[in-house]
Amino acid sequence: MAEVHLELTQRSRSTVLTLTGILDLRSHPTVRDGLLKAATVAPDGLIADVSGLGFAGDAQLSVFALVAMRLGDWPGIPFALVTRRPDQAALLRRSPVARYARVHRDAAEAEREFGDPVRRRAVREFPRADTTAALARRFVTEVCQAWAIPELVDDARIVVTEFVENTLRYTRSHPEVRIDLRRGICTIAVSDDDPRPAELRERQTATGPGLGLMLVARLARVWGCSGSWGGGKVVWATLRVSQDVRGITTAGSGEGPRSP
């Protein structure tokens, strides 16, 4: 059975995941999941260094296109491939993968291609308490108001309530809420330390807890659950900013309210 080794390196402007081994049908899930998990700790961009990775067949290269498309939904960061091998670079550039991820000689070249990220981000961890959901709602309200996207407040409060309550109900973690705004898309994400996939359950009674998957799915442009590099997970949903304020939200980067 082919094995792939993954090594994560944090740079000032990107996160690099170095892959060594053989990419084949059996190692395909390891490469896919490793890259998606690495993206949860890559705020500015993710680079896959494949110099030490052998390709058992061209069909397996589709994993890089799949990852690039997934990262376009969340966390919305640029993704690139790096290789020091000219033959490998030529193969990748001839393949359909090149439509989704650029191929570079090194991480520095890839970072120059990334450019300066146009995004805003706010992160806050909350305690496990009866008031946690209310505190999370207040947090997203403050951020939306600070970023001049008040039209998202109601939907963002509903989404964060569902995600935080699921964290409190089904895990022992302290929920961490992350809000990102980039290119007209606002993402609400809640992470925890439990690797089990999130279960967004339908409300059983009119007064039962939880607003359910159907409502989150209806409000969100897209939503999902991703494993995190640290071993837990991130549940996220994206909300589209209205056209009339999109120019304001993409004009620069900044941060929302911080925890005291």
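A: Strand 7 and strand 8 are antiparallel and are joined by seven bridges. Across this pairing, Ile 179 has Ile 188 in strand 8 as its bridge partner. The two strands make a hairpin, with two residues between them. In that turn, Arg 183 has a positive phi of about 50 degrees.

Strand 7 also pairs with strand 6, which covers residues 120-125. This pairing is antiparallel as well, over six bridges. Here Arg 178 of strand 7 stands opposite Val 123.

Buried means under 20% relative accessible area. Six of the seven residues of strand 7 are buried, so this strand is largely enclosed by the rest of the structure.

Strand 7 (176-182), strand 8 (185-192) and strand 10 (233-240) each supply at least two residues of the lining. Strand 8 gives the most, with four residues. By class, the lining has eight nonpolar, eight polar and six charged residues.

As for confidence, the chain averages a pLDDT of 88, and 86% of the residues score at least 70. Over residues 246-260, however, the pLDDT is below 50, although this stretch has 33 contacts in the model beyond near neighbours in sequence. Where pLDDT is low, the predicted coordinates should not be read in detail.

Conventions
Residues are numbered from 1 along each chain as its sequence is written. This is a predicted model: local features need pLDDT of at least 70, side-chain atom pairs count only at pLDDT 80 or more; totals for chains, interfaces and linings use all residues. Side-chain values use heavy atoms; hydrogens and water are left out. Ala, Val, Leu, Ile, Met, Phe, Trp, Tyr, Cys and Pro count as nonpolar, Asp, Glu, Lys and Arg as charged, and the others, Gly among them, as polar. pLDDT is the predictor's confidence in each residue, from 0 to 100. Contact means heavy atoms within 4.5 Å. Buried means under 20% relative accessible area, exposed over 50%, partly exposed in between (1.4 Å probe, protein chains only). Two strands pair if DSSP finds at least two bridges between them.
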